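Some notes on this model follow, as numbered points. Please read them with the structure open.

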Amino acid sequence: VCYIIFFSSLSLITGHNNHAVVPNVLNQDVKVAVKSLEKLGFDVEIDSAYEPKMKALVVLSMMPDTGSSVKTGRTIFLTINKAEPPLTPMPKLTDLSFRSAIRIIESARLVLGDTIHKPDFARGAVLEQRYKGKNITAGDMIPQGSRIDLVVGDGLNNVEMDVPDVIGSTADEGITILNSAGLNPII
């Protein structure tokens with residue numbers, strides 16, 4: 001008798017037939033998503049991450065996945081996009097190749113802004129890194145998702161330059177004037 005009572009009540013104890021299909025709440029506002037999941041009898045736990053291309057407070061991921069059949073009363077884990085981007089240190093991009101700088105920008109969760117080409121003998125090298133139009137040094141804290149503009153060397157091919165007049169200057173003065181103009185004098 002105990003055996004029959006135990007096994008016949010087991011489905012009631014475990015909620016064997018109390019299932020619901022997890023709805024798709026991805027890209028929804030967190031309040032709407034939580035309300036629809038709780039309405040189906042699920043508990044909800046929330047964590048956060050930051051994705052610069054997504055709106056604030058929307059669901060980025062969920063577990064279990066959409067369409068899964070889950071017992072009611074179980075916990076659905078949501079990861080939502082933070083309202084404020086976390087700060088990250090600005091990496092050092094100067095003196096790197098443009099391609100390397102792009103990879104570092106992406107790994108630091110920053111966004112490549114404008115690319116400005118400037119005549120310079122270091123063709124393809126990053127000469128300056130800018131944030132909001134101003135030069136920024138490595139280590140400065142900026143929000144993730146910020147646009148970083150790069151000034152990249154374009155080589156000196158077919159670039160006409162005015163040669164400064166150094167006649168009458170001492171050798172040291174002439175070298176200094178030519179170096180400041182971006183020219184390397186041959187002595």
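1. In this predicted model, the largest nonpolar core is made of 14 residues. Val22, Val25, Leu37, Phe42, Val59, Ile76 and Leu78 have the most contacts inside it. Two or more residues each are given to this core by α2 (30-39), β3 (59-63) and β5 (75-81). The largest share, four residues, is that of α2.

2. Val25 belongs to the residues with the most contacts inside the largest core. Leaving aside residues up to four places away in sequence, Val25 touches Ala33, Ser36, Leu37, Val59, Met62 and Leu78.

3. Which residues of α2 are buried? They are Val30, Ala33, Val34 and Leu37. These four cover an arc of only 95 degrees around the axis, so they sit on the same side of α2. An α-helix has 3.6 residues a turn, so residues three or four places apart point the same way. The buried residues of α2 pack against β2 (43-49), β3 and β5. On the face turned away from the buried side, α2 carries the exposed residues Lys31, Lys35 and Lys39.

4. Both ends of α2 deserve a look. Just after the helix α2, Gly41 has a positive phi of about 95 degrees.

5. A polar atom of the Ser146 side chain lies 2.6 Å from the backbone oxygen of Pro143. Not counting residues up to four places away in sequence, Ser146 touches Leu110, Val111 and Tyr131.

6. On the chain as a whole, the secondary structure comes to four helices and eleven strands. The radius of gyration is 30 Å, whereas a compact globule of 187 residues would have one near 16 Å. The C-alpha trace spans about 115 × 30 × 30 Å along its principal axes.

7. Of the 187 residues, 25% count as buried. The accessible surface comes to about 12,600 Å², and carbon and sulfur atoms account for 56% of this surface. Among contacts between residues at least 6 apart in sequence, 69% join residues at least 24 apart.

Terms used
Residues are numbered from 1 along each chain as its sequence is written. This is a predicted model: local features need pLDDT of at least 70, side-chain atom pairs count only at pLDDT 80 or more; totals for chains, interfaces and linings use all residues. Side-chain values use heavy atoms; hydrogens and water are left out. A nonpolar core is a set of buried Ala, Val, Leu, Ile, Met, Phe, Trp, Tyr and Cys residues joined through side-chain atoms within 4.5 Å. Buried means under 20% relative accessible area, exposed over 50%, partly exposed in between (1.4 Å probe, protein chains only). Contact means heavy atoms within 4.5 Å. A polar contact is a pair of N or O atoms within 3.5 Å; within protein, one must be able to donate a hydrogen and the other to accept it, and residues adjacent in sequence count only if both atoms are side-chain atoms. The radius of gyration is taken over C-alpha atoms; the globule rule is 2.2 Å times the number of residues to the power 0.38. Accessible areas come from the Shrake-Rupley method with a 1.4 Å probe; for residues, only the protein chains shown count as cover. The arc is that of the directions from the helix axis to the C-beta atoms.
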